[in-house]
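Colleague: Could you take me through this model, one point at a time?

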Amino acid sequence: MDEEPLIRWEWIGNNGPLIRELVVDNVVMALAPVLVGLLVALPLGLAAVRWRWLYQPTAGVVNVVYSLPSLAVFIVLLPITGLATRTTVIVPLAFYAMAVLLPAVVDGLDSVPEHVRQSAVAMGFTPARRLLAVELPIAVPVVIAGLRVATVSSISLVSVGALVGRGGLGHLFTDGWQRQFPTPIIVGIVLIVLLAVLADLLLVLVQRWLTPWSVARTGTRKRALPRSRPAASPEREGVA
Amino acid sequence: MITFDGVTKRYPDGTVAVDDLSLEAPTGEITVLVGPSGCGKTTSLRMINRMIDPSAGRILLDGVDVTTVDPPTLRRGIGYVIQQAGLFPHRKIVDNVATVPYLLGWDRKKAQARAMELLERVGLDPGLAGRYPFQLSGGQQQRVGVARALAADPPVLLMDEPFSAVDPIVRASLQDELLRLQSELNKTIVFVTHDIDEAVKLGDRVAVLRVGGRLAQLAAPAELLAEPADDFVREFLGRDRGIRRLSFVPADGLRLRTDLTVPVSAEVSSVRGTAEAWLAVVDSGGRPLGWVAPKDLPDSGGTLAEVPAAPYGTFVRGRDSLRAALDATLLSPSGNALAVDGSGRVEGVVTREALDEALARIAEDARG
């Protein structure tokens, strides 16, 4: 038997459409759960901050779900959502994303300094407007930090779905393993890492754009200007 | 006018933060609530804009019971400044200042124009408008806090220890700034502090509260220093009460000698014969240069410009207090103070004898 090379470049050329399809599938099955997780974690987090007693039990339930092995959950879901469907993969991943995002939302809202909250009340904000215009925007950096973790882990977790017939790029792992053929495995790993890095980078950019004021917190650029110095160029703010 | 009418705040656990407080904060004046921690001063302040509601009694704002007004509406008409400024970290300075105008539904342009005007008013470079709060120093942030409170031109301003988190030098300049602003704006200000010196400096009237939220004394600062109502107030006022009282006595009444100055162009030889112990040397514009003791002058030619002059202290007549005049006498080996006009020209000399006379009159007053 000939020595099998680590990578056969012609395989990549011949399988372009398949790889493209798997990338799209992987992205959809990774991002949909993060989106669903965020949509559920936001109201839940708000409720947990408003009614403190709610937080511990909610976080407990979410953590128990998080501890369930994904494969077991896939199998339980199979009769309901069907073999090899996106839903079978998306549902458990949404729970995992939520488990990361709920504490992020709660911590984010907790990161609003008390004196800022108080002064918003004293300025005459109504509770709803205070939440939308003051508390949520200030929570954004912490929530995005959570989103980065949830997104990256979601992108790589999708591959486990290959065991129930729908794993995005994970399909390349099972395929390569069954055929003792390393090329697809390597292609799959590289693409998953690339996707994760890309998604993370995108979120960092989104955060820079949304919260130019938060550079201070990352500690990269703290400047307190002496009173006498005239402002150089106010437009350049936050371009870190 | 803000009226506290038998106001009590009792919490469910039984602690009484404010106990049957009745006082008035007159329109256009600064009323300071001062006292040790736990005296209910902040609680009292927060009951004015309904961040806390009283358990008993009423608070009237120009005759209207505040509890009959919807809190957000009430608060938009009352400026509020707190210790750490409480600026919104995610909003640029200009938008921080324009907060209340935005809430009131002003046009965005108009609100920002107003904000720019206020930044200048509180002594900030308008170039800071596009910055975020973290890019400003503590003192600058506090000024922004004041500008924000004034943005919608509320008749009432509540200030909760606004200057206690900045260093003493910045604090003093912020205090002066507030007094300057107040002389232009005539707001009804309620100011909370634990610092009696700040209370005495800023207040038109000072309310001293004791632990448990009871009013110990309400008086003008000079009266407070002269006649503390009881031992608690006396203790709280601390040391140097007599000296500090001098801050409220104008120095105008001091007897002035105009025969003790000598121009710097005078010949040393002509000055040496003078019988006075000390003479103040002034330049051609009448500004002080220092003191010389005629009997110690060298036996040489030339003018006074060539001999060293001893240090001097000055106070501004018509503006400064007796305390400043006393301070000025202590800054010079001559024991005399130089009275200067607004532009720094010497108007005359206050000798130690003249100061003694003035102090004796004050001591006489204290006899009651």
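Modeller: Over residues 185-206 of chain A the chain is 100% helix and 0% strand, with the end C-alpha atoms 32 Å apart; helices (H or I, at least four residues) and strands (E, at least two) are DSSP runs, numbered from the N terminus. This is a predicted model, in which local features need pLDDT of at least 70 and side-chain atom pairs count only at pLDDT 80 or more, while totals for chains, interfaces and linings use all residues. Residues are numbered from 1 along each chain as its sequence is written, and chains are lettered from A and ligands numbered from 1 in the order in which they are written.

Colleague: Which feature does UniProt place at residues 185-206 of chain A?

Modeller: The unreviewed UniProt entry lists several spans of chain A under one feature name, among them 27-49 and 185-206. UniProt positions are given in the numbering used here, feature names are shortened, and annotations may be inferred rather than shown by experiment. With that caution, the name in the record is "transmembrane region".

Colleague: Are α5(A) and α7(A) roughly parallel or roughly antiparallel?

Modeller: The axes of helix α5 (residues 86-110) of chain A and helix α7 (residues 127-157) of chain A come within 8 Å and cross at roughly 160 degrees, where axes are lines fitted to C-alpha atoms, for helices over the stretch in contact, and angles run from 0 to 180 degrees between N-to-C directions. Angles under 35 degrees count as roughly parallel, over 145 as roughly antiparallel, 65 to 115 as roughly perpendicular and the rest as oblique. The crossing therefore makes α5(A) and α7(A) roughly antiparallel.

Colleague: At roughly how many degrees do the axes of α3 and α5(A) cross?

Modeller: Helix α3 covers residues 55-67 of chain A, and its axis comes within 8 Å of that of α5(A). α3(A) and α5(A) are therefore roughly antiparallel to each other. Their axes cross at roughly 150 degrees.

Colleague: Is B:Asp320 buried or exposed?

Modeller: B:Asp320 sits in the loop between β14 (314-316) and α13 (322-330) of chain B. A residue is buried if 20 or more other C-beta atoms lie within 10 Å of its own, exposed if 12 or fewer, and partly exposed in between, with C-beta atoms placed from the backbone. Because B:Asp320 has 20 other C-beta atoms within 10 Å, it is buried.

Colleague: How far apart in space are B:Asp320 and B:Asp252?

Modeller: In sequence, B:Asp320 and B:Asp252 are 68 residues apart. In space, C-alpha to C-alpha, the distance between B:Asp320 and B:Asp252 is 8.3 Å.
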